[in-house]
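Have the model open as you read.

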Amino acid sequence: MNSSVLVPQDVQSVLEDVVDHPIADFSATTNATVVEGWDSLNNVRFLLRLEQEFNVSFPVDRIGKLKNIGDLVDLINELRTK
């Protein structure tokens, strides 16, 4: 298992691939309301790709509590240490 800590930019390319365009102002506070094309279907695609990319499985009860990319990266980091 990779022990390096992820940062928001580590998931940026995955989201850009899912929404099919670059995201200029990407940070921990980025959320679906500010990214064109990040709708509910692409959110599912994004989460599935992240699970594959980082070898994690998102607990369903935690997904609804995520408010932004920072929360998502924190969750991935937490799951990778288990």
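## How two helices meet

In this predicted model, helix H1 (residues 9–19) packs against helix H2 (residues 40–54) at an angle of about 135°, and their axes are 10 Å apart. H1 and H2 are therefore oblique to each other. The crossing in which H1 passes H2 is right-handed.

The residues that meet are set out by helix here:

| Helix | Residues in the contact |
|---|---|
| H1 | Asp10, Val11, Val14, Leu15, Asp17, Val18, Val19 |
| H2 | Asn42, Arg45, Phe46, Arg49, Leu50, Phe54 |

By type, the residues of this H1–H2 contact divide into eight nonpolar, one polar and four charged.

## The nonpolar core

Which residues touch the most other members of the largest nonpolar core? Among its 22 residues, they are Val11, Phe46, Leu50, Phe58, Ile69, Leu72 and Ile76. H1, H2 and helix H4 (69–80) each supply at least two residues of this core, and the largest share, six residues, comes from H4. In soluble globular proteins, nonpolar side chains tend to be buried together.

Phe46 is worth a click in your viewer. Leaving aside neighbours within four places in sequence, Phe46 is in contact with Val11, Val14, Leu15, Val18, Trp38, Ile69 and Leu72.

## A look at Leu41

Leu41 also lies in helix H2. Its relative accessibility is 49%, so Leu41 counts as partly exposed. Leu41 and Asp74 are 33 residues apart along the chain, and their C-alpha atoms are separated by 22 Å.

Notes
Residues numbered from 1 in each chain as written. Predicted model: local features only at pLDDT ≥ 70, side-chain atom pairs only at ≥ 80, totals over all residues. Heavy atoms only, no water. Axes fitted to C-alpha atoms, helices over the stretch in contact; angles between N-to-C directions. Helix = DSSP H or I, 4+ residues; strand = E, 2+ residues; numbered from the N terminus. Parallel < 35°, antiparallel > 145°, perpendicular 65-115°, else oblique. Left-handed = near helix turned anticlockwise from the far one by under 90°. Contact = heavy atoms within 4.5 Å. Nonpolar A, V, L, I, M, F, W, Y, C, P; charged D, E, K, R; others polar. Core = buried A, V, L, I, M, F, W, Y, C linked by side-chain atoms within 4.5 Å. Buried < 20%, exposed > 50% of the residue type's maximum accessible area, 1.4 Å probe, protein only.
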